[in-house]
Amino acid sequence: ENPKRWLRKRGPFVRERLAAAYPFLNRFDIFADAPFGHGHIHPLVIAALAPEARFIWVNRDFDDWINSLRKWELAHPKTYSAKRLALWQKSPDDMVELMRHRWHSRHKAFRQIAELSPSQCLELTFEDFTDYSALSNFYGVRAPEGTLPRLNASDG
């Protein structure tokens, strides 16, 4: 279905059903990281709840990303289901393909929002993060001095 039509038809229902969550959600500046992070709220639902929301998709080399994801999830066994962790250990190729499918599915959802509202979406490559210019231009703010730190929480 067309994203504009979906928001027009289903947006009021989403806002009504999740109205009790507004006070909780309003405390946060960021709902999820991408390619799809650890939150799994469809971007159209976020757009229905927060029409001024901005979306950033960071394209990262898939092999680097999947290795980081695997390392992160295996290092946090209390966060992920035993079934999911077992899949990483017993059938890593299957897990990689599952994540590849989800990556493409979530990128398609991001692209829907980008087509609906290009000014609210920014797509970058991991290599674009050498300074603050792309992010500061996107948000219409002055870029801080210095280089943008590139940290990966699962590196250590």
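The buried residues of helix α6 are covered by elements that include α3 (43–49), β1 (55–59), α4, α5 and β2. Contact here means heavy atoms within 4.5 Å. This is a predicted model, in which local features need pLDDT of at least 70, side-chain atom pairs count only at pLDDT 80 or more, and totals for chains, interfaces and linings use all residues. Residues are numbered from 1 along each chain as its sequence is written, and side-chain values use heavy atoms, with hydrogens and water left out.

**Helix α6**

Helices (H or I, at least four residues) and strands (E, at least two) are DSSP runs, numbered from the N terminus. Helix α6 covers residues 92–116.

Which residues of α6 are buried? They are M95, V96, M99, W103, H107, A109, F110, I113 and A114. Buried means under 20% relative accessible area, exposed means over 50%, and partly exposed lies in between (1.4 Å probe, protein chains only). An α-helix has 3.6 residues a turn, so residues three or four places apart point the same way.

**Salt bridges**

How many salt bridges does a search of the whole structure find? It finds four. The criterion is a side-chain nitrogen of Lys or Arg within 4 Å of a carboxyl oxygen of Asp or Glu.

| Pair | N to O distance |
|---|---|
| R84 and E73 | 2.7 Å |
| R100 and E97 | 3.3 Å |
| E123 and R111 | 3.1 Å |

R84 and E73 meet in a salt bridge. R84 lies in helix α5 (residues 82–90) and E73 in helix α4 (residues 62–75), so the pair ties together parts that are 11 residues apart in sequence. E73 is buried, at 1% relative accessible area.

R100 and E97 both belong to α6, three residues apart, which separates them by about one helical turn. R100 is partly exposed at 28% relative accessible area. E97 is also partly exposed, at 44%.

E123 and R111 form another bridge. This pair links distant parts of the chain: E123 is in strand β2 (residues 121–125) and R111 in helix α6, 12 residues apart. E123 is partly exposed at 30% relative accessibility, and R111 is partly exposed at 33%.

**Aromatic residues**

The structure holds six aromatic pairs. Rings of Phe, Tyr and Trp (its six-membered ring) pair if their centres lie within 6.5 Å; planes under 30 degrees apart count as stacked, over 60 as edge-to-face and the rest as tilted.

F62 and W65 have ring centres 5.7 Å apart and planes at 50°, so this pair is tilted. Both residues lie in helix α4, three residues apart, about one turn of the helix. F62 and W65 are both buried.

F138 and Y139 make an edge-to-face pair, with 5.0 Å centre to centre and 70° between the planes. F138 is buried at 11% relative accessible area, while Y139 is partly exposed at 41%.

**Charges over rings**

A charge sits over a ring if NZ of Lys or CZ of Arg is within 6 Å of the ring centre and within 35 degrees of the ring normal. R54 lies over the face of F138, 5.1 Å from the ring centre. The charged end of R60 sits over the ring of F126, 4.9 Å from its centre.
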